[in-house]
Amino acid sequence: MEALPVIEGEISARGRKVAIVAARFNDFIVSSLLKGATAAWLERGGPVEDLLIARVPGAFELPVVARKLASSGRWDAVVALGCVIRGDTPHFDYVAGECARGLNLVSLETGVPVVFGVLTVETVEQALERAATTAGNKGGESMETALEMAGLLARL
Ligand code: INI
């Protein structure tokens, strides 16, 4: 049978430039996501000088900085990292919802992949599970998604 014309992005950081924007709110979780993301970048062959990390106060501030980075033309992808815990706030839905909506809008507006590496969870325990240092780190997964998307968009 003839091979089907499937096209995919390679998960490689070689020749790529990626910006991370990370919230400081719930830093005990976000710092683990950041470690996961930077480790994935280095594992995939990315040089330190082609990675930028910008910090913002909270998840609500991620979209505006992601927009500045994505529209600069300097970055192949933007990874947004944060952690919104429902138990912490009655305005969970606003913070998490507007963050997700804003990041998606930036991606669609600019054509630059903006990866949603923001944990939206009910409890601290759930957040810790998803920010594990061993397996299942959402930061590392988000970086891999960013690299795959950058690779795919470069091929289309
Ligand atoms: N920001 C977060 O990143 N996570 C949260 O859980 C959170 N809570 O619980 O309120 C949070 N709030 C701050 C928000 O992102 C903004 O920084 C703030 O409202 C100023 O705009």
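Analyst: Let's start with I20. Leaving aside residues up to four places away in sequence, I20 touches L34, A37, T38, L51, L52, I53, A54, V79, L81 and M143, where contact means heavy atoms within 4.5 Å. Before going on, a word on the model: it is predicted, so local features need pLDDT of at least 70 and side-chain atom pairs count only at pLDDT 80 or more, while totals for chains, interfaces and linings use all residues. Residues are numbered from 1 along each chain as its sequence is written, and side-chain values use heavy atoms, with hydrogens and water left out.

I20 belongs to the largest nonpolar core, which has 26 residues; V18, I20, L81, L119 and M143 are the ones that touch the most other members. A nonpolar core here is a set of buried Ala, Val, Leu, Ile, Met, Phe, Trp, Tyr and Cys residues joined through side-chain atoms within 4.5 Å. Buried means under 20% relative accessible area, exposed means over 50%, and partly exposed is in between (1.4 Å probe, protein chains only).

Where do the core residues come from? At least two each are supplied by strand 1 (18–23), helix 1 (27–43), strand 3 (77–85), strand 4 (114–121) and helix 5 (138–155). Helix 1 gives the largest share, seven residues. These elements are DSSP runs numbered from the N terminus: helices are H or I with at least four residues, strands are E with at least two. Apart from this core lies another one, of 22 residues, including A19, W75, V78 and L103.

Next, the loop between strand 1 and helix 1, which is where you'll find N26. N26 is buried, with a relative accessible area of 11%. Its backbone is worth a glance too: phi of N26 is near 55°, a positive value in a residue other than glycine. Most residues other than glycine have a negative phi.

For contrast, go to the segment before strand 1, where M1 lies. M1 has 96% relative accessibility, so it counts as exposed. Between M1 and V95 there are 50 Å in space, C-alpha to C-alpha, and the two are 94 residues apart in sequence.

Last stop: helix 2 (residues 62–71) and helix 3 (residues 92–110). They pack at an angle of about 15°, their axes 9 Å apart. Helix 2 and helix 3 are therefore roughly parallel, a label for angles under 35 degrees. (Axes are lines fitted to C-alpha atoms, for helices over the stretch in contact, and angles run from 0 to 180 degrees between N-to-C directions.)

Definitions and conventions
Parallel < 35°, antiparallel > 145°, perpendicular 65-115°, else oblique.
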